[in-house]
Amino acid sequence: MKEINAEELKDNPFTLIGKDWMLITAEKEGKVNMMTASWGGVGVIWGKNAATVYIRQSRYTKPFIDEGETFSLCVLPSEMREVLNFCGSKSGRDFDKVKETGLTVDHADSVPYFKESRLVLVCKKMFQQRLDMNNAADKSLAEKFYGSGDYHDMYIAEITKVLIKE
């Protein structure tokens, strides 16, 4: 992997997140777990390059993110879509996703990522807040996305390193 500046990224963020998807990856007590995400964003806040991700309370990956300071966002090549499908439909409670997918864990600044990734954003948490749908301007969103009450927490994280496949 080669490190680049965030400003050198060529990917369209709408395609990158909404269509290509990413693996939110973290480590807790020596175990790496990941989940597929297609919600999020990248930009600048508080003078820092940042990524925003959303994780439901019920997700097994959530304590990995909550209990640590860092995580990575891993974008896999398009030919690995089945890995994203698996990681988005199976829980780390029931499967060792790293073993099941055959992905290879590496670390950048002690943050886990997958060697097979074409792009990695290494992130350090700055902010976390549960989405309060009482604040939604469009009240239909609560029913459409949160009928079960399983709300997302929003995480804003500084992008501390950007790695691309050479």
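Here are some numbered notes on the structure above, going from the whole chain down to single residues.

1. **What we are looking at.** This is a predicted model, in which local features need pLDDT of at least 70, side-chain atom pairs count only at pLDDT 80 or more, and totals for chains, interfaces and linings use all residues. Residues are numbered from 1 along each chain as its sequence is written, and side-chain values use heavy atoms, with hydrogens and water left out.

2. **Overall build.** The protein has five helices and 10 strands. Helices here are DSSP runs of H or I with at least four residues, strands are runs of E with at least two, and both are numbered from the N terminus. Along the principal axes, the C-alpha atoms take up a box of roughly 45 × 40 × 30 Å. The radius of gyration is 15 Å, which agrees with the value near 15 Å for a compact globule of 166 residues. That figure is taken over C-alpha atoms, and the globule rule is 2.2 Å times the number of residues to the power 0.38.

3. Of the 166 residues, 40% are buried. Buried means under 20% relative accessible area, exposed means over 50%, and partly exposed is in between (1.4 Å probe, protein chains only). The protein exposes about 8,900 Å², and carbon and sulfur atoms supply 47% of that. Those areas come from the Shrake-Rupley method with a 1.4 Å probe; for residues, only the protein chains shown count as cover.

4. **Who touches whom.** Take the contacts (heavy atoms within 4.5 Å) with a sequence separation of 6 or more: 73% of them are between residues 24 or more positions apart.

5. **Charges.** There are 23 positive and 25 negative side chains, and the centres of the two sets lie 3 Å apart. Lys and Arg count as positive and Asp and Glu as negative, while His and the chain ends are not counted. Each charge is placed at NZ of Lys, CZ of Arg, CG of Asp or CD of Glu. A search of the whole structure turns up nine salt bridges, meaning a side-chain nitrogen of Lys or Arg within 4 Å of a carboxyl oxygen of Asp or Glu.

6. **A bridge between two strands.** Glu158 sits in strand S10 (residues 152–164) and Lys48 in strand S5 (residues 48–56), so the pair ties together parts that are 110 residues apart in sequence. Glu158 is partly exposed at 21% relative accessibility, and Lys48 is partly exposed at 33%.

7. **The network around Lys62.** Lys62, Asp66, Arg130 and Asp153 are linked in a network of salt bridges. Lys62 pairs with Asp66 at 2.7 Å, N to O; both lie in helix H2 (residues 62–67), four residues apart, about one turn of the helix. Lys62 also pairs with Asp153, at 2.9 Å, N to O. Lys62 is in helix H2 and Asp153 in strand S10, so this pair ties together parts that are 91 residues apart in sequence. Lys62 and Asp153 are both buried, with Lys62 at a relative accessible area of 6%. Asp66 is partly exposed at 29%.

8. **Cys123.** If you are thinking about cysteines, where does Cys123 sit? The residue is in strand S9 (residues 119–130), and at 0% relative accessibility Cys123 is buried. Not counting residues up to four places away in sequence, Cys123 touches several residues, including Ala51, Phe71, Leu73, Glu158 and Ile159. Its C-alpha is 7.3 Å from that of Lys161, 38 residues apart along the chain.

9. **Two tryptophans with positive phi.** Most residues other than glycine have a negative phi. Trp21, in the loop between helix H1 (13–20) and strand S2 (22–28), has a positive phi near 70 degrees. Trp46 has a positive phi of about 55 degrees. Trp46 is in the loop between strand S4 (40–45) and S5, and at 53% relative accessibility this residue is exposed.

10. **Asp138.** Last stop: Asp138 is in the loop between S9 and helix H5 (140–146). Asp138 is partly exposed at 39% relative accessibility. From Asp138 to Gly18 is 120 residues in sequence and 21 Å in space, C-alpha to C-alpha.
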